[in-house]
Amino acid sequence: MKSFGDALKDGSVKLRDYVERAAQTGALDDRLFAVDLSKADAVDAAEFFDRTELVKNLETLVRQVLRRVSQGSGNAVYLLDTVMGGGKSHTLVYLYLLFQKRSLANSRPELREILRDEELGGVPDAEVVVFDGMNADPSLPFEEQPNIARFFKDGGGKDDVARSIEAVGKPVVFLVDEVLAYLAKRKEMWVSDLAFIRTLAEAVADTANSVFVATVPSDTSNQEGYKRLVAAFKEIKRKAEPIHPQNPGEDFARIARKQIFKWVDGREAEEAAEWARRMLEREGYAVDEKRYAECYPFHPMLIKVFTERFAVYENFQKTREALKLLARMCARSKSLPYPFIGPGDVDLDERYLRDALTSANTFEIKNLSEIVSTDILPAKDDKRRALTALYLYSLYPKEEQRGLDRRDLFEALLPENGSASDLERLVKDYIRQEALYLEENKENGRFYFKEEVNIHALVRREAENIGDVTQELVKVVEEFSKEFGEHVSAAFDSSEVYPEKLNLVFAPLNTQGEHAAEEYADKRGFFGVDSRSANAVVVVYPSEDAGVAELEWALKQNTAVEVLKKRFKGKKHVLERLNEIGEEVRAEITAKFCSTYTSLLLFKDREMKHWRVQPRENTLQAYAEAVKQTLMEKQKAYFDPSKVNLELLFERLLGERSEVRVEDAYENIARSSTIPYLPRSVFAETLRLAVQNSIVGLADASQPTRLIHNLSGRGDGLLILSRERKAAIEQEEMTTATVEGSQGVESGGENKAPGQQKDVKGQGEPKSALRVKLTVSATALKKEDVRPAALFLEYAENAWRISREKDGDAFVEVKLSGNEGSARFKAVMDKVGKVKSFIEAFANAFEGEDHELTLSVNLREDLAKQVEEKMAGRMKLAREEV
Ligand SMILES: Nc1ncnc2c1ncn2[C@@H]1O[C@H](COP(=O)(O)OP(=O)(O)O)[C@@H](O)[C@H]1O
Ligand SMILES: [Mg+2]
């Protein structure tokens with residue numbers, strides 16, 4: 001890729017001397033681009049021919065005029081109307097010089113070619129008559145104007161004038177420019193002036209070989225005058241040839257190149273065009289490579305700014321102004337690192353360019369210089385280029401067509417690195433973070449500069465006026481609280497502590513660093529000697545390296561959004577944008593909050609500890625997870641009972657005591673710093689597990705010698721019993737049970753006929769049903785292995801209890817055998833609970849050892865059957881008739 005700067009250096013392109021001079025001095029003579037027909041004599045004809053691009057219209061007109069003058073063929077009247085591209089006055093001056101400087105004209109190669117085609121030895125001799133309405137004397141009627149009067153002196157009729165023209169003795173070339181300017185100055189006299197102008201044109205049409213060329217600018221601001229002019233020429237229109245530009249965009253590119261460059265190497269142009277194609281194809285965009293070559297070293301999109309966009313503005317002096325601007329742009333681009341001078345490369349620091357491009361008079365858009373100075377000039381490099389291109393494309397009357405979408409922005413800049421999405425991101429970030437006037441049109445994806453401050457900027461401005469973010473933080477933390485779930489209470493800067501939950505107290509933003517956090521905790525009295533819930537509090541404060549300012553800024557913006565929502569109530573469009581921004585800001589708050597409040601201060605083992613949390617990602621869930629995880633890993637707090645070391649916990653809670661009230665134990669948990677903290681509901685769950693696993697016992701405070709096997713609810717009013725204490729009570733119960741059980745079993749044990757029981761117990765009718773013994777056994781005792789056995793017992797007990805006719809002879813027998821001998825224990829069904837405790841106690845004491853448990857229930861056939869059905873598929877029962 002050869003940059004424009006390099007192309008200048010190696011001579012592949014050469015600037016015209018005046019542009020070169022402008023590059024050095026900064027000054028450019030604006031008269032260079034102002035051609036006045038009345039001053040055509042003062043023009044350096046050689047240079048004029050040199051700087052003229054023979055665009056299609058001009059060439060055609062030149063040929064037609066030459067034919068008319070030499071052979072009298074073709075039209076005599078031409079009406080020139082160019083919108084943009086070929087200049088009208090320039091064309092007239094060209095014709096003027098063609099006939100006035102014939103020998104020079106004859107020597108020009110491009111004219112020699114035309115003359116050869118037209119079979120002319122040279123430009124024919126003709127008289128040139130010029131009328132320049134701009135410089136004409138407005139006090140004189142048209143027919144008395146110095147150059148014109150002679151054709152009207154023998155009468156003002158068409159034929160009189162035609163005769164006067166023929167009397168000259170050679171073809172007369174009338175060149176009429178700026179008629180409207182003249183008529184406008186003539187007040188009510190214009191009617192007769194216009195009639196004489198028409199007469200002159202009609203007379204010329206009647207001559208043998210004279211020609212009349214007038215300009216009729218359709219794009220004038222004086223549309224009324226234009227219509228009159230057109231009406232006046234209406235009758236001769238059949239004889240006249242209106243000349244319209246064919247391809248103004250293309251003509252302009254060529255004209256600009258000709259006017260500004262002495263030389264442009266065609267090969268260089270093609271190579272640059274190929275480079276542009278490669279840049280665009282990288283993103284999969286189609287490209288008109290030929291156009292790039294035609295415009296080189298101008299970027300086609302820069303040309304387009306002038307021909308399709310600025311041209312729409314009445315007060316923009318079309319080609320002339322465009323050339324002035326382009327020449328200055330080129331003068332400022334001598335070290336441009338890109339091959340094409342594009343819309344992003346306009347140096348708005350240059351005074352002339354800036355003034356011209358921010359003119360409210362030209363562009364009818366307010367605030368342009370404010371936009372440039374606040375949103376564009378402070379930006380650098382790539383951003384500056386992007387903004388400049390967007391700015392030039394924002395100068396357009398229709399708002400919905402202002403600016404560039406990401407594709408066109410990419411094409412405007414042709415960046416060697418980075419994608420269209422990168423550019424889009426750059427622009428979007430700028431809108432969000434800095435720009436006052438840049439805006440995105442959501443309908444069509446165009447980024448453009450707008451007269452009014454954009455909504456992001458409004459939010460930022462509003463945010464700057466907001467001092468305190470406490471309320472915002474309170475709300476955010478409330479949101480957080482939900483994420484943490486029922487076991488945690490999260491609050492901002494609060495001294496309220498709930499001992500039954502873990503209290504995350506978020507310290508104010510300025511509480512940064514360990515020292516500040518400890519001072520804060522002191523002030524709040526969280527960890528003081530008289531605190532009853534020191535274990536239940538964790539102070540969360542911003543780490544020293546955290547982006548507190550960014551969090552604060554996001555919070556302020558969020559408040560600002562709310563304020564603005566109220567202000568713009570009812571304005572749907574604004575509210576939609578505010579809602580979008582609100583969402584963005586809230587996401588930012590979450591992210592920043594999670595990365596700011598990452599330090600924990602808590603009380604553990606009688607001292608203050610500082611821990612750091614590191615969320616996997618900056619989302620609420622991950623953050624809440626990380627906080628809980630950290631507290632758990634370091635055994636500060638548990639939220640899941642299955643993670644608690646039950647033995648250790650209850651050992652600490654009981655200490656040397658054999659019992660403790662549940663409430664007291666919990667108070668201890670909330671206060672002590674040597675016990676892991678458990679939320680109240682987690683504690684209840686933990687206690688339940690401990691009872692189930694026979695780590696502790698449970699009894700009602702009013703009946704401390706009777707064990708409770710199942711904890712329901714929180715356990716208020718209950719006692720937690722040490723394992724020893726529990727075992728002692730069980731021992732007691734067991735003895736009673738064995739005595740009762742032996743009696744029961746023995747009574748029916750020897751004589752197995754069920755009928756006989758009736759006599760002993762005196763209960764119900766004799767049962768003819770068989771007695772059946774169901775046996776289940778387990779080896780290598782583990783608590784899990786014992787559980788199904790316990791279930792078996794429960795079913796048996798249930799079947800027995802709910803049967804209409806009690807089986808008074810039913811009994812349970814448990815046999816345990818291991819290396820150290822065996823133990824056997826029997827109980828009547830009323831005392832099955834004791835058997836269960838016995839098994840559990842045994843399983844606990846000998847867990848994992850090679851013991852065999854055999855459990856048999858001696859039941860009446862019908863009940864046994866029920867049990868069998870219940871247990872079907874759960875475990876194998878051996879059946880034996882007795
Ligand atoms: N064919 C051309 N070749 C080179 N420059 C041209 C050509 N046509 C117009 N220009 C330049 O464009 C500018 C505007 O042309 P001008 O004739 O003044 O426009 P108009 O009279 O239509 O407003 C002038 O600076 C002129 O030199
Ligand atoms: Mg003009």
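The following legends describe an overall view and several close-up views of a predicted model.

**Figure 1. Overall dimensions of the protein chain.** The protein chain contains 37 helices and 23 strands. Its radius of gyration is 51 Å, well over the 29 Å that the globule rule gives for 882 residues, so the chain is more spread out than a compact globule. The C-alpha trace spans about 165 × 65 × 55 Å along its principal axes. Of the 882 residues, 52% count as buried. Among contacts with a separation of 6 or more, 72% are made by residues 24 or more positions apart. The accessible surface amounts to about 40,200 Å², and carbon and sulfur atoms contribute 45% of that area.

**Figure 2. Pairing of strands β20 and β22.** Strand β20 comprises residues 811–818 and runs antiparallel to β22, with seven bridges joining the two. One of the paired positions is Leu816, whose bridge partner in β22 is Leu853. Strand β22 covers residues 852–860, and seven of its nine residues are buried, which leaves the strand mostly covered. As a general point, side chains in a regular strand alternate between the two faces of the sheet.

**Figure 3. Salt bridge between Glu53 and Arg254.** The structure holds 73 salt bridges. In one of them, the side chains of Glu53 and Arg254 meet with an N to O distance of 2.5 Å. This pair links distant parts of the chain, the two residues being 201 residues apart. Glu53 belongs to the loop between α3 (45–50) and α4 (56–71), whereas Arg254 belongs to helix α13 (residues 248–260). Glu53 counts as buried because its relative accessibility is 16%, below the 20% limit for that class. Arg254, at 29% relative accessibility, counts as partly exposed.

Figure 4. Asp408 forms a salt bridge with Arg407, and the closest N and O atoms are 3.1 Å apart. Asp408 is partly exposed at 26% relative accessibility, and Arg407 is also partly exposed, with a relative accessible area of 24%. A further salt bridge brings together the side chains of Asp605 and Lys604, at 3.4 Å from N to O. Here Asp605 is partly exposed, at 36%, whereas Lys604 is buried, at 14%. Elsewhere, salt bridges that share partners join Glu59, Arg63, Arg67, Asp117 and Glu118 into one network.

Figure 5. Lys592 is found in helix α28, which comprises residues 572–596. With a relative accessible area of 18%, Lys592 is buried, since the limit for that class is under 20%. When residues up to four places away in sequence are not counted, Lys592 touches Glu550 and Leu551.

**Figure 6. Polar contacts of the Asp44 side chain.** Asp44 is located in the loop between α2 (17–25) and α3. The side chain of Asp44 reaches the backbone nitrogen of Ala46 at 3.1 Å. A polar atom of that side chain also lies 3.2 Å from the backbone nitrogen of Glu47. Asp44 has a relative accessible area of 47% and is therefore partly exposed; the exposed class begins over 50%. The C-alpha atoms of Asp44 and Leu97 are separated by 9.7 Å, although these residues are 53 residues apart along the chain.

**Figure 7. Cis peptide bond between Tyr296 and Pro297.** The peptide bond that joins Tyr296 and Pro297 is cis, with omega about 5°. Pro297 is found in the loop between α15 (289–295) and α16 (300–309). In general, most peptide bonds are trans, and most residues other than glycine have a negative phi.

Figure 8. Glu178 is a residue other than glycine with a positive phi, near 55°. Glu178 is found in the loop between β4 (172–177) and α10 (179–185). At 28% relative accessibility, Glu178 counts as partly exposed. Leu414 likewise has a positive phi, in this case near 40°. The loop that holds Leu414 lies between α22 (406–413) and α23 (420–433). Leu414 is buried, with a relative accessible area of 3%.

Notes:
Residues numbered from 1 in each chain as written. Chains lettered and ligands numbered in written order. Predicted model: local features only at pLDDT ≥ 70, side-chain atom pairs only at ≥ 80, totals over all residues. Heavy atoms only, no water. Buried < 20%, exposed > 50% of the residue type's maximum accessible area, 1.4 Å probe, protein only. Helix = DSSP H or I, 4+ residues; strand = E, 2+ residues; numbered from the N terminus. Pairing = 2+ DSSP bridges. Salt bridge = Lys/Arg side-chain N within 4 Å of Asp/Glu carboxyl O. Rg over C-alpha atoms; globule rule 2.2 N^0.38 Å. Contact = heavy atoms within 4.5 Å. Areas by Shrake-Rupley, 256 points an atom, 1.4 Å probe, with all protein chains shown as cover. Polar contact = N/O pair within 3.5 Å; in protein donor to acceptor, adjacent residues only side chain to side chain.
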